[in-house]
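Please look over the sequence and the model shown below before reading on. The report that follows takes up helix packing, the surroundings of the ligand and a few individual residues.

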Amino acid sequence: MSMLHGKRILITGVVNTGSIAWVVAERAQQLGGEVLLTAFERDRERTLEARDELPEPVDVLELDVTEPEHFERLTEELRERWGRLDAALHAVAFAPRAALAGDFLAADLDSVQRAFATSTFSYASLARVLASLAPESGGSLVGLDFDAAGAWPIYNWMGVCKAALEAASRYVARDLGPRGIRSNLVAAGPLATRAAGGIPEFERLIEAWEEMAPIPWDPEDAGPVADAVCFLLSDFARSVTGEILHVDGGFHAVSARLRRAE
Ligand SMILES: NC(=O)c1ccc[n+]([C@@H]2O[C@H](COP(=O)([O-])OP(=O)(O)OC[C@H]3O[C@@H](n4cnc5c(N)ncnc54)[C@H](O)[C@@H]3O)[C@@H](O)[C@H]2O)c1
């Protein structure tokens, strides 16, 4: 039987076919899952175009993750359509430029708060949706992380938001575990998506991966990340929660790599 057969999965964060979430939606359908997408109003037209490229027809529900009432409406729409929700993918992040680049200490509070609301607090809001609709057999929430164990040369307050996302996922795992609802993150290596294009000097991260990752890393291929997400969404990961699965070619595991002598 296919890994996601019979699973009803909500996928946020599709803006185009390069979105990590789009590749997850494609894989999830191929693995037998039933998928609904959400769209951020500003990106809706692009999301609909990307939706049309998926193997199976899919509906798109509205969700701005900074609007609490959108989560309430989403819960009711899902209840009416599906009656239950087995799994959800959180694939949303945004930071104003002041929080993402330049002098870390000079960032203004408003920019940092917007980054946190969009990229971190929204994870708990999506967990609430899943908690309201998950069947007795449990559920699975997966989020997308960029390893926050250390400070990057760029990324600034987004790195802080990801560190907080890692903590939030552990608290969700703690609180929803007794109901069989799991919470896990996939820490991806750098991928050339629209969000990544908004990070100044993002190519420096790609260069670091070329230098360090034990397994060659392709920043154009979100497939390995999507496959790991599908595993965590599925019952194959039924005893995995509070975990951060690094899908980064092994970058996180090495401290330095010596160039081979020519
Ligand atoms: N691209 C990378 O290198 C990389 C690496 C690790 C983790 N991630 C994470 O993957 C996730 C998905 O990003 P991506 O790289 O696929 O980029 P993307 O640009 O394709 O997706 C980002 C999504 O966030 C949505 N969004 C932004 N503000 C929103 C709001 N207020 N409400 C609802 N949706 C909103 C956009 O519509 C878009 O669909 C993010 O959490 C990102 O931090 C990306």
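## Helix α3 against α5

Helix α3 passes α5 in a right-handed crossing, where right-handed means that the near helix is turned clockwise from the far one by less than a right angle, and left-handed that it is turned anticlockwise. The structure is a predicted model, in which local features need pLDDT of at least 70 and side-chain atom pairs count only at pLDDT 80 or more, while totals for chains, interfaces and linings use all residues. Residues are numbered from 1 along each chain as its sequence is written. Helices (H or I, at least four residues) and strands (E, at least two) are DSSP runs, numbered from the N terminus.

Helix α3 covers residues 68-81, and its axis lies 10 Å from that of α5, at an angle of about 30 degrees; axes here are lines fitted to C-alpha atoms, for helices over the stretch in contact, and angles run from 0 to 180 degrees between N-to-C directions. That angle makes α3 roughly parallel to α5, since angles under 35 degrees count as roughly parallel, over 145 as roughly antiparallel, 65 to 115 as roughly perpendicular and the rest as oblique. On the α3 side, Phe71, Leu74, Thr75, Leu78 and Arg79 meet Ser125, Arg128, Val129, Ser132 and Leu133 of α5, two residues being in contact if their C-beta atoms, placed from the backbone, lie within 7 Å. By class, this contact of α3 with α5 has five nonpolar, three polar and two charged residues, where Ala, Val, Leu, Ile, Met, Phe, Trp, Tyr, Cys and Pro count as nonpolar, Asp, Glu, Lys and Arg as charged, and the others, Gly among them, as polar.

## Helix α5 against α6

Helix α5 (residues 109-133) also packs with helix α6 (residues 156-176), their axes being 9 Å apart at an angle of about 20 degrees. This makes α5 roughly parallel to α6, and the crossing of α5 past α6 is right-handed.

From α5, the residues Val112, Ala115, Phe116, Ser119, Thr120, Tyr123, Ala124, Ala127 and Ala131 meet Trp157, Met158, Cys161, Ala164, Leu165, Ala168, Ser169, Val172 and Leu176 of α6. The contact of α5 with α6 divides into 15 nonpolar and three polar residues, with no charged ones.

## Helix α1 against α9

The axes of α1 and helix α9 (residues 223-233) come within 9 Å and cross at roughly 60 degrees, which makes α1 oblique to α9. Helix α1 passes α9 in a right-handed crossing, and the contact is made by Ile20, Val23, Val24, Arg27 and Ala28 of α1 together with Gly223, Val225, Ala226, Asp227, Val229, Cys230 and Leu233 of α9. This contact of α1 with α9 has nine nonpolar, one polar and two charged residues.

Helix α1 is mostly covered, with nine of its eleven residues buried; a residue is buried if 20 or more other C-beta atoms lie within 10 Å of its own, exposed if 12 or fewer, and partly exposed in between, with C-beta atoms placed from the backbone. Among the buried residues of α1 are Trp22, Glu26 and Arg27. In α9, the buried residues are Val225, Ala226, Ala228, Val229, Cys230, Leu232 and Leu233, and what covers them includes β1 (8-11), α1, β4 (87-90), β5, β6 (181-188) and β7 (243-247).

## Around the ligand

Of the 27 residues around the ligand, Ser19, Ala93, Leu144, Thr193 and Ala195 come nearest, a residue being near a molecule if its C-beta atom, placed from the backbone, lies within 6 Å of it. By class, this shell has 18 nonpolar, five polar and four charged residues.

At least two residues of the shell come from each of α1 (20-30), β5 (139-145) and α7 (194-197). Helix α7 gives the most, with three residues.

## Individual residues

Most residues other than glycine have a negative phi. Tyr155, in the loop between β5 and α6, has a positive phi of about 95 degrees although it is not a glycine, and Tyr155 counts as buried because it has 23 C-beta neighbours inside 10 Å. Glu201, in the loop between α7 and α8 (202-212), likewise has a positive phi, near 60 degrees, but Glu201 is exposed, with 11 other C-beta atoms within 10 Å.

Arg204 lies in helix α8 and is partly exposed, with 13 other C-beta atoms within 10 Å. Not counting residues up to four places away in sequence, Arg204 touches Pro153 and Ile154.
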